[in-house]
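Here is a friendly walk through the pockets and aromatic contacts of one protein model. Please keep the viewer open as you read.

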Amino acid sequence: MQKVKNQTKSAELLRLSFDQVNRVLYRGVERGLKRRSKKVEYHHISIDEKAIGKGHDYITVLSDEQTGVVIGAVQGRKKVNVDELCSEWLTKSQRSKVQTVCTDMWDAFIYGAKTYFKNAKHCHDHFHIIGYLNKAVDKVRKREVKKYEELKGTKYIFLKDHDKLTEEQRVKFEMINKINYEVAKAWQIKENFRDIQFKQTAVKAFNIFMRWRRHAAACKIPEITAVVEMFDRHLKGIINAIECGSTNARAERINGAIQELKTIGRGYANPKNFINAILFFHGDLDVFPH
């Protein structure tokens, strides 16, 4: 079942019902959580959300950034859900050992980081920051595509890593860049932040960010200005990330692994089933009977 990752397909292969396979998964997770040591130390963690389906239903996931292990997950992303996640999935002693907590700029997650991990530095890591800038670039494209016919069909040219563009996409990008549309300027601002080298001293981190900020603000692109203003409100978390080296590599892998489960399962109508699947495959649990 670990290789298939789809409970319906597993049921077909094992000639069992879906409910039987689902009960095996539930019991395995329950068994694994009972065996999980409360003495494990997590030094660098992240709190992130994942949409369950097409609506506005979410789960909040607590994970270890060093190993990619999912520590716990709860339904919802409000403060009360974050309270449950932080207080029930980690002991007070474990929380005291955490050195960095990475979140996006969602208020409930910031609240959780500051309330439950008082010894840790709170960071808005590279993965989330670039996500906000990508959304801003796409908003600029959507605004300009109404005026400029040549911008049609260019969404992924500005969202993909530049070294992954096809030759046709590269030629089109160069053409747009020469015309100097605002979307190309916004893209360059985003890329300038992507090029920032993390793991700096606090002073260097501040100076590097302020240099980027001055250039971004000077372009006077409304969508970028809105992001700059948001970054100003969360300056300390961004500087902490540049100083501590909180980059996007591990967060992307965790997010991708959970998205794969969601895709394979064709969405999850029951949030508890989704949470148990995440813990079964990514919770590093000893799920097998002895």
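Predicted model: local features only at pLDDT ≥ 70, side-chain atom pairs only at ≥ 80, totals over all residues.

Residues are numbered from 1 along each chain as its sequence is written, and side-chain values use heavy atoms, with hydrogens and water left out.

**Pockets**

A pocket is an open set of points on a 1 Å grid over the protein atoms alone, where a 1.4 Å probe fits, with protein on both sides within 12 Å along at least five of seven lines; lining residues have an atom within 4 Å of a point. A volume is the space filled by probe spheres set on the points.

The largest pocket holds about 730 Å³ of space. Its lining has 23 residues, and Phe127, His128, Gly131, Lys135 and Asn255 are the closest to the centre. Helix α6 (126-145), strand β1 (44-51) and helix α13 (249-264) each give at least two lining residues, and α6 has the largest share, with eight. Helices (H or I, at least four residues) and strands (E, at least two) are DSSP runs, numbered from the N terminus.

For the second largest pocket, Lys114, His122, Lys236, Gly237 and Asn240 lie nearest the centre, out of 14 lining residues. Two or more of the lining residues come from each of α5 (107-116), β5 (121-123) and α12 (235-244).

In the table, Ala, Val, Leu, Ile, Met, Phe, Trp, Tyr, Cys and Pro count as nonpolar, Asp, Glu, Lys and Arg as charged, and the others, Gly among them, as polar.

| Pocket | Volume | Lining residues by class |
|---|---|---|
| Largest pocket | about 730 Å³ | seven nonpolar, six polar, ten charged |
| Second largest pocket | about 240 Å³ | four nonpolar, five polar, five charged |

**Aromatic contacts**

The whole structure has eight aromatic pairs (ring centres of Phe, Tyr or Trp, the latter by its six-membered ring, within 6.5 Å; planes under 30 degrees apart are stacked, over 60 edge-to-face, the rest tilted). One of them, Tyr148 with Tyr181, is tilted, at 4.4 Å centre to centre and 35° between the planes. Tyr148 is partly exposed, with a relative accessible area of 28%, whereas Tyr181 is buried at 8% (buried is under 20%, exposed over 50%, partly exposed in between, with a 1.4 Å probe and protein chains only).

Phe173 and Trp187 make an edge-to-face pair, because their planes meet at 65°, with centres 4.6 Å apart. This pair joins helix α8 to helix α9 across 14 residues, and both partners are buried.
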